[in-house]
Amino acid sequence: MSGGAVPRLVIAAPSSGAGKTTVATGLMAAFAESGLAVSPHKVGPDYIDPGYHALATGRPGRNLDAFLCGPAQIAPLFLHGAAGADLALVEGVMGLFDGASGQGELASTAQVAKVLRAPVVLVVDASSQSRSVAALVHGFASWDPEVRLAGVILNKVGSPRHEEILRDAMDSSGVPVLGALHRAEQARTPSRHLGLVPVAERRAEALESVRALAARVREGCDLPALLALARNVPELPDRPWDPGTAVPAPAAGAGRPVVAMAGGPAFTFSYAEHAELLTAAGAEVVPFDPLRDERLPAGTRGLVIGGGFPEVYAPELSANAPLRAAVAQLAASGAPVSAECAGLLYLARSLDGKPMCGVLPADGRMTQRLTLGYREAVALSDNALAAAGTRVRGHEFHRTVLEPGAGASPAWGVTHPRRAVEGFVAGGVHASYLHVHWAAEPALAERLVAGAARAAVPAAGGAR
């Protein structure tokens, strides 16, 4: 079978909270445990769900976001991630037809399903309905004839009698029931202020949760029917995205500068394609954990600090004074440093009163207000990450504020209801709340690696 015809399903729902992640992760784990190579994908900018997908499948969880990357990139990125897989499962975002606010179907699960020519399985929360489930499904099946709603999984079913009533109602809908999952308290995953608790913070417990989900799905879903549905798909005409062609190859004989990439429980937000692009551009990408490592990786000449939960780990991050000093020393040397959201807060003077790296003249604190949404942005000056005038699309998702929110040289001019500029550019530092998908603008990775290659010898004492 050619790569373009990889078996695939989209797991969607009428709304958030119906159980998409529960069902999608359970299906991924169940199929993987059966011996299939399962490629996991997530619609939208979410970083946390892909961590559970990766745990379930043993492959990187990848995002498909038509706003951040453009609709034309969805199929190539999908084929890149699904290379060599026997089955690809795509978890949707919000409700099936919900996308970027005020922009029609853009970035919706429905749009991604149409681009991928993939059948959709709708996860319906049946906890407070009986016969009405058929009317609900009928509406979703008929709303957009280009979306192939091929089956339903009933979730949160109360009892065998409740399941019988639901199945009887669905008999006349023309949409088959491919599974029914009864309520199970033990399979729940803990949440907090930005959603599920990431895998990196509870790996042993998360593994048990995934195994429990797989067992529930095997018991309650028709896996052979779902697999047959996934295999009944047309070939995609697109070519897989390739990081090796997205950026120019490094010059022959050029060294590979070390670009350190923050990870561990405090910094779990990163798109898999970022490390791939950095590597293709000529970097040696070396992960490190700011909660544990007291030095940067040996030979570090560039630094990437993505998103995560520094507010949860502020005392521990602050207590690692040797690493904070090493980061500040690297930034002062002019080496390129890219920091997004959590990274921005880590570079600040303080977070909730705890000293951070002191690279930026700003202080962060936790609030009750959620900042969430897509943004369009433009680089206002030449910097370590982007040339002046570079236009990108990004996403914000945090409950913290940084005061001030922008430096004398801001990182971006942004479309935002309350501010026109955002972030900090200083020397080789580019720090911002904005999450950007580099597959949409590979020159960001290329520019950062080029800057790392030109950087001075790492400061003494700053590397491990």
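Arg 393 is partly exposed, with a relative accessible area of 29%; here buried means under 20% relative accessible area, exposed over 50%, and partly exposed in between (1.4 Å probe, protein chains only). The model is predicted, so local features need pLDDT of at least 70 and side-chain atom pairs count only at pLDDT 80 or more, while totals for chains, interfaces and linings use all residues. Residues are numbered from 1 along each chain as its sequence is written, and side-chain values use heavy atoms, with hydrogens and water left out.

The side chain of Arg 393 meets that of Glu 376 in a salt bridge (3.5 Å, N to O), the term denoting a side-chain nitrogen of Lys or Arg within 4 Å of a carboxyl oxygen of Asp or Glu. Arg 393 belongs to strand 17 (residues 391–403) and Glu 376 to strand 16 (residues 363–379), so the pair ties together parts that are 17 residues apart in sequence. Helices (H or I, at least four residues) and strands (E, at least two) are DSSP runs, numbered from the N terminus. Glu 376 is also partly exposed, at 35% relative accessible area.

By this rule there are 17 salt bridges. One of them joins Arg 62 and Glu 276 (2.7 Å, N to O). This pair links distant parts of the chain, with Arg 62 in strand 3 (residues 62–64) and Glu 276 in helix 11 (residues 272–280), 214 residues apart. Arg 62 counts as buried at 8% relative accessibility, whereas Glu 276 is partly exposed at 22%.
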